[in-house]
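The sequence and the model are shown first, and the description follows.

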Amino acid sequence: MVQGNTVAIRTDADFVGASKGSSATQQSVAANLDRLWSSANPAFAPIFGAFGNVGSASGYAQTLTAVSGQELLGIAAARYQASQAFARSVFSCPVFADDDTTVRKQGSCVWFRVTGMWEKRSADASFPGYGWQGTTTKVGGQVELQPGWFLGGALGYETDRFTGNDNLTSANGNALLGVVALKHEAGPWTFTGAVDASYGWMNSSRVIPAANAVATASPDSFNVGLHLRAAYQIPFDRFYLEPALDGDLNYINLPGYTESGAGALNLKVQSANNVIATGTPNLRIGTRAQIGSATVDAYVGAGVSFIAGNTYTTNASFATAPGFGSFTNTLANAHVAGKFSAGVEVYTTKRLDVRLEYDGVVAAHEVENGGQIRLKYRY
């Protein structure tokens, strides 16, 4: 516009319009950018500068994802998976009842185990995906309180590494875990209830290539879970069947945090909570064999988990713009998952037993593999 000898240039932007067809998270970030643009506050110029050299629709979508911090929601999903695996560690301390049958009975024992888990969440239209690796050292055991009643528990220390599939987001950290279980054995039935809790702390790094910036933070996580199981053992001459039904209720909490190091692109992330309910019918098939003086229990298992509430959200805002609303990051994971296991446990005459086991989970866009070695002493 020309006024006398003065030329006035007006710029405009439509972040929401340009994000049509993008994911829910990308559209939410775009709506927040529109609000910031309308404020005409020069303090927000560095935020818009991150989009200045974007030359394509795909590049724009990638930049929306990069500034959102969405991938770090994978930490919440990892805590859910870790709770499920850790609670299962106190569900079983059996030994074959005598020398002739495949009947297994609970007993008193102490154990030590090391487990490793590797999870891959592939990208889809709504989420860029991530990888997670966790190694946990656990000690635990159970004692018979009175005939048919057992009290068990365990403590664990976990080391984690989280990496976004685009290699722009990463986090490393640790967690402390604890679980207490009460078990009742009545004939072929075994009923178990367990409560677990864990607290994790991580250091995260989020690269924003378009702005040549790196945002760092220290996000924590907390979870508590209630786990129930009813199992029924069906012995045969040389093998046994054990159908079971597992029910789980998990509460996941991500406390809020504020990033540093990326200037105007730092995020202030609000605390988030999630409740997940899971039901899993499953079947274990095992066989008994004798190798010298040692007794061997070899087994495979499979089940299907039906999961409610397996969607995670956090609200975040640019740290320099707390008064201009927030945007919502979303991670929607599968509501049905297949679970598989295979293992071998060797019982020795000196009451020292060794177990090797593989565990796997397969769901839409998700694959998890885990392995463990356990040393157990019966008393």
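Two strands pair if DSSP finds at least two bridges between them; helices (H or I, at least four residues) and strands (E, at least two) are DSSP runs, numbered from the N terminus. The model is predicted: local features need pLDDT of at least 70, side-chain atom pairs count only at pLDDT 80 or more, and totals for chains, interfaces and linings use all residues. Residues are numbered from 1 along each chain as its sequence is written, and side-chain values use heavy atoms, with hydrogens and water left out.

**Pairing of S22**

| Partner of S22 | Bridges | Residue pair |
|---|---|---|
| S5 (residues 109–121) | 13 | Arg113 with Arg374 |
| S21 (residues 352–363) | 12 | Val354 with Leu375 |

S21 and S22 form a hairpin with 2 residues between them. In its turn, His365 has a positive phi of about 70°.

In a regular strand the side chains alternate between the two faces of the sheet.

**Nonpolar cores**

A nonpolar core is a set of buried Ala, Val, Leu, Ile, Met, Phe, Trp, Tyr and Cys residues joined through side-chain atoms within 4.5 Å. The largest has 53 residues, and Leu33, Ile47, Phe51, Leu265, Tyr312 and Phe318 have the most contacts inside it. Helix H5 (residues 74–88) supplies the largest share of this core, 6 residues. Apart from this core lies another of 11 residues, among them Cys109 and Trp111.

How values were computed: Buried < 20%, exposed > 50% of the residue type's maximum accessible area, 1.4 Å probe, protein only.
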